[in-house]
Amino acid sequence: MNRKQKVILSLLQEIDEICRRNKIEYYLSPRLTLCAVEGHPFPQNPMFGVVLMKTADMERFRLAVEDDPREKRALESMKSHRWFSGFYLRYTNTDTLCLNLDNTRDYAFPGIGVSIFPLRTPVGSAAADHRFSRDENAWTELCHINYAERNFKSRVNRMIMRMQCLITGRQGQAAHLYDKFIKLHQQTDADKYILKRRKQTTVFPAEIFAESRRVMLEGVELQVPAKTAEYLTVSYGKNYKDVKEPRYVTPIALVVSARVSYTQFWKEAGNFEKYCKERMKNARKLARSRRHKDYFNECWDYVEFCGERMNMGVAYEKQKDYIKNLYKNEDYMTLEKVFRPYFKMMQKSLQKNELFAEDEEIFDIYIDVLEKTGKTVQRGKIGTLI
């Protein structure tokens, strides 16, 4: 094992000690559980140091560490850091460095750490679940503006969240959301637990976490669900034994070191707070430029569509006498073939709530052909716009 892996393993061991002393249940993440039970090598990715706890246990763990803090250790959450972006905890070795230069404000103590993710229970009320999901998404998008949704609804939700931050203070709002999260997601009679990450949601039957057992991971005894096979099957599928550790390459934006603390790093690199402000300013500029780019692309696509529609109108204008002659002779089979490109263009136009009617006379013939050939669906859509 390299130095970074040893730091993560030592943090896992400390979490285990704290949990046993305070009778708190926890479980290694599916990835670490797979390493333990199948003998796979310890993950190279420093972000793979993850354990799971039920929400009530996670809060008990936070309070236990707060009551008995350890030297060169920090436990971060939305209760302690106003830029913390998620509803989880991070137990960190502050004498190390693990900093994503693109997301500088994620952690106040950017060292190598272990993330403690909550096993959520479903919220009793559908309305309360909807409201909280809206607030959770708005908070996450405020912390990571580059990943924010650009639709109108998301913008309104972010604006409401900003107003709440102005009223209560950003730290006050973060702590309020965290307390609300803990209260909503700890139903005692739940039949399932939900593990929610930024890009993935996994649902586990509650019986998987009814009991736990001890396993060895790189010579250290840690805890996993007793129903390990079911746990890994839900996470990776029936062929979980064949899952291979992905090849890891340190991202360009990630600076990691088990030899240097982040405070030493910034003594040489410059002022950390100043760097954070500059990165946030650049992130906002980038988000605005992306929105402008999306709008420009949308406008350009529409211009191309209008040009395509105009060219097709000119092509049918040249066939106008031929089409009128077929219509006069009631040759609807031939007319249907002639109007096939027209039909497709009309479909595209209807998707934009527009009509393809460059020539009124051809358009009237086309509508009659639709009725005669039984294409009532498109005829009905056209009727709503006429």
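This is a predicted model: local features need pLDDT of at least 70, side-chain atom pairs count only at pLDDT 80 or more; totals for chains, interfaces and linings use all residues.
Figure 1. Because Tyr316 belongs to helix H9 (residues 272-318) while Phe339 is in the loop between helix H11 (332-338) and helix H12 (340-351), the pair ties together parts that are 23 residues apart in sequence.

**Figure 2. An edge-to-face pair, Tyr193 and Phe209, and the cluster that includes both rings.** The structure holds 21 aromatic pairs. In one of them the rings of Tyr193 and Phe209 have their centres 5.9 Å apart, with planes at 90°, so this pair is edge-to-face. Tyr193 lies in strand S7 and Phe209 in the loop between S8 and strand S9 (212-217), so that the pair links distant parts of the chain, 16 residues apart. Both Tyr193 and Phe209 are buried.

**Figure 3. Charged side chains over aromatic rings, shown for Arg90 and Lys352.** The charged end of Arg90 sits over the ring of Tyr107, at 4.4 Å from the centre of that ring. Lys352, in turn, lies over the face of Phe305, at 5.2 Å from the ring centre.

**Figure 4. An open sheet of 5 strands with mixed pairing.** The strands follow one another in the order S1-S2-S6-S4-S3, and the edge strands, each of which pairs on one side only, are strand S1 (27-28) and strand S3 (73-76). Strands of a sheet pair through backbone hydrogen bonds, and they may do so in either a parallel or an antiparallel manner. Strand S2 (residues 50-54) runs parallel to S6 and is joined to S6 by 5 bridges, among them the one in which Val50 has Ser115 as its bridge partner. S1 and S2, by contrast, pair in the antiparallel sense over 2 bridges, and here the bridge partner of Tyr27 is Leu52. Of the 5 residues of S2, 4 are buried, so this strand is largely enclosed by the rest of the structure.

**Figure 5. The largest pocket and the residues that line it.** About 1700 Å³ of space lies in the largest pocket, and 48 residues line this space, with Tyr88, Phe117, Arg197, Arg198 and Lys199 lying nearest the centre. Among the elements that give two or more residues to the lining are helix H2 (30-38), helix H4 (126-143) and helix H7 (228-236), together with strand S5 (97-100), strand S6 (112-119), strand S7 (192-196) and strand S8 (201-205). Grouped by class, the lining of the largest pocket has 21 nonpolar, 16 polar and 11 charged residues.

How values were computed:
Residues are numbered from 1 along each chain as its sequence is written. Side-chain values use heavy atoms; hydrogens and water are left out. On a 1 Å grid over the protein atoms alone, a cavity is a set of points where a 1.4 Å probe fits but cannot get out, and a pocket is an open set with protein on both sides within 12 Å along at least five of seven lines; lining residues have an atom within 4 Å of a point. Grid points are joined across faces, edges and corners, and a volume is the space filled by probe spheres set on the points. Ala, Val, Leu, Ile, Met, Phe, Trp, Tyr, Cys and Pro count as nonpolar, Asp, Glu, Lys and Arg as charged, and the others, Gly among them, as polar. Rings of Phe, Tyr and Trp (its six-membered ring) pair if their centres lie within 6.5 Å; planes under 30 degrees apart count as stacked, over 60 as edge-to-face and the rest as tilted. Buried means under 20% relative accessible area, exposed over 50%, partly exposed in between (1.4 Å probe, protein chains only). A charge sits over a ring if NZ of Lys or CZ of Arg is within 6 Å of the ring centre and within 35 degrees of the ring normal. Two strands pair if DSSP finds at least two bridges between them.
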